[in-house]
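The following note sets out, point by point, what may be read from the structure shown below. Please keep the structure in view while working through the points.

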Amino acid sequence: MAKRIEVKDLDIYYDKFLAVQGVSMTIQPRSVTALIGPSGCGKSTFLRTLNRMHELVPNARVEGSVVMDDDDLYGANVDPVNVRRQIGMVFQRANPFPTMSIYDNVAAGLKLNNKRLKKSDMDDLVERSLKSANLWEEVKDRLHKPGSGLSGGQQQRLCIARAIAVQPEVLLMDEPCSALDPISTQAIEDLMLELKENYTIVIVTHNMQQAARVSDTTGFFNLQGVGKPGELVEIDETTRIFSTPSQKATEDYISGRFG
Amino acid sequence: MASTTEAPPRKNRVPRRPGDRIFAGVSTGSGVLILVALAGVAVFLVTEAWPALTAPAEDIPGGQGLVFYIWPLLFGTLISAVLALVIAVPLAVAIALFITYYAPRSIAKALGYIIDLLAAVPSIIFGLWGMNVLAPVTVDPASWASEYLGWIPFFAGPPSSTGRTMLVAIIVLAVMVLPIITAVVREAFMQTPQLHEEAALAIGATRWEMIRMAALPFGRSSIIGASMLGLGRALGETMAVAMVLSASAGGITFNLISSDNPPTIAANIALQFPEATGVGIHTLIASGLVLFAITLAVNMIARAVINRRKDFDGAN
Ligand SMILES: Nc1ncnc2c1ncn2[C@@H]1O[C@H](COP(=O)(O)OP(=O)(O)O)[C@@H](O)[C@H]1O
Ligand SMILES: [Mg+2]
């Protein structure tokens, strides 16, 4: 588990609109990479190209390459479904399946592709995933109750459990804490630090303290100008970005003197 | 979940705006009006059916009493409506899914129009179509079915030579209820939250798996509701069934391809009313009362089914 992702000269288009231009970066395995930057500079757009979720938008496309441990994710014969089985995603708003129980939410991915699992194996995997997501103790007595009955923070951890149940290599998180209270946020941040032992994690966050707390590497995205595409300004060790960034724009953004 | 401090009870002094008051009045009024109309229909049916309910058995057409008169009709009504739904609901769901998730935009639009157009065709046209076009076409397949699939009760035969059979009535009904079911279901699928679709795709679901995980559960109560709408329409449909089955009369049978199926309640009323007199009229109205009760029950069951798993429902 946990693979390296190599992005090279990636341009991302929504139809004719160039949203993000020229991104190159290496995402290290077993580490947390944080992406920060002002709204609308293309962080979510970029993140979603890592597991080809952007393809849900009609006419969205990329130029350039994304390679995960020698596998070109955009190769001619690559099925995006397989990409997403290896690169999971957690969204800004917790989105457990409302018609499913807690158990079934976690098991949802395991049941895909006609995988036939024995009930006991399934139980084990569900339990292990919920434990990895630090949710087991809170829900073990109500596994067959609806997931929508949990608090926001619990729902988000349920979504993380669902994502890791299929044992992906990489976990993408798009502002996973932005709708949560500080205590739930803390729980998810702790979780990220545990999960990076086994997964490659990429997180988009608006919260710079959060980036500083959880990430090993930080990338700063910015707009090249009004109406221009977004770009990756720089990416470096988190401690370096937050102390001595090499770009003035990064320093301005970090210190709140933006624009 | 944090506990909120209890607010002291306090008088609601917000002035009621005229718009609110008018709206409240109009909506309450309409609600009451519907109840009054429903009660009026029920009272009419019961009072007009009463003479038949109390009449001696030999006065009822057929001479064997009310139950023996109505029961085959009721059977015909239920079997035609239910089997029509068995055909129409899967087809409607498939069409709605195709339009929402698979078809290229232009085809989806065209298909949507055609389905809506189907809803605008008067039922007499469907009757003519069933009687003159569909019925003859079914003659050969029906005799084939009775020969090779005769062990299935539906195809026991002997096949009708005109083709004006229960099978044709069922197909006509299925086509007639298809548009309304498709429209309601498609509307539901279009509102499937993108959040849930993405949740499914992000764990590696194919499009069909995404539909099973997100769209179908979300649309489930709409599918049930739409089916009940269709069932209500199929139960009450009169002209088309009357035209197809005008020549048939008979007892209770699952045999769909012979000519001795009972007609439906509504079709029977349409066929018999012009010539009915005296107790005959009251008997027909009594059968109408049964249809009314069945339709009401169907709707109540539908509500119960929709509400049963509210906890797990899509809207939260
Ligand atoms: N589905 C879409 N269709 C067209 N343009 C989009 C879509 N999603 C985002 N964009 C555009 O792409 C740019 C980057 O947006 P986004 O990736 O959401 O930024 P961020 O996550 O950094 O706030 C914006 O200009 C936005 O308007
Ligand atoms: Mg975003």
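1. H5(B) passes H7(B) in a right-handed crossing; a crossing is right-handed if the near helix is turned clockwise from the far one by less than a right angle, and left-handed if anticlockwise. The two helices pack at an angle of about 150°, with their axes 8 Å apart. Axes here are lines fitted to C-alpha atoms, for helices over the stretch in contact, and angles run from 0 to 180 degrees between N-to-C directions. H5(B) and H7(B) are therefore roughly antiparallel to each other, given that angles over 145 degrees count as roughly antiparallel, under 35 as roughly parallel, 65 to 115 as roughly perpendicular and the rest as oblique.

2. The model is predicted: local features need pLDDT of at least 70, side-chain atom pairs count only at pLDDT 80 or more, and totals for chains, interfaces and linings use all residues. Residues are numbered from 1 along each chain as its sequence is written, while chains are lettered from A and ligands numbered from 1 in the order in which they are written.

3. Which confidence values accompany the model? It scores ipTM 0.91 and pTM 0.82. For chain B the average pLDDT is 85, and 91% of the residues score at least 70; pLDDT is the predictor's confidence in each residue, from 0 to 100. Where pLDDT is low, the predicted coordinates should not be read in detail.

4. Chain B has 10 helices and 0 strands. Helices (H or I, at least four residues) and strands (E, at least two) are DSSP runs, numbered from the N terminus. Taken along the principal axes, the C-alpha atoms of chain B fill a box of roughly 75 × 50 × 30 Å.

5. A further helix pair in chain B involves H5(B) again. The axes of H2(B) (residues 66-102) and H5(B) (residues 166-190) come within 6 Å and cross at roughly 35°, and this crossing is right-handed. The residues of the contact divide into 24 nonpolar, 3 polar and 1 charged. In this scheme Ala, Val, Leu, Ile, Met, Phe, Trp, Tyr, Cys and Pro count as nonpolar, Asp, Glu, Lys and Arg as charged, and the others, Gly among them, as polar.

6. In chain A, the axes of H4(A) (residues 119-132) and H6(A) (residues 152-165) come within 8 Å and cross at roughly 130°. H4(A) and H6(A) are therefore oblique to each other, and their crossing is right-handed. Leu125(A), Val126(A), Ser129(A), Leu130(A) and Ser132(A) in H4(A) meet Ala161(A), Ile164(A) and Ala165(A) in H6(A). By class, 6 residues of this contact are nonpolar, 2 are polar and none is charged.

7. How many residues of chain B are in contact with chain A? There are 20, and they touch 21 residues of chain A; two residues are in contact if their C-beta atoms, placed from the backbone, lie within 7 Å. On the side of chain B that touches chain A, H6(B) (194-202) and H7(B) (207-236) each supply at least two residues. H6(B) gives the most, with 6 residues. That side comprises 11 nonpolar, 5 polar and 4 charged residues.

8. Ligand 1 is surrounded by residues of chain A, among them Tyr14(A), Ser39(A), Lys43(A), Thr45(A) and Val57(A); a residue is near a molecule if its C-beta atom, placed from the backbone, lies within 6 Å of it. Helix H1(A) (residues 43-49) contributes the largest share of this shell, 3 residues. The shell divides into 4 nonpolar, 5 polar and 1 charged.
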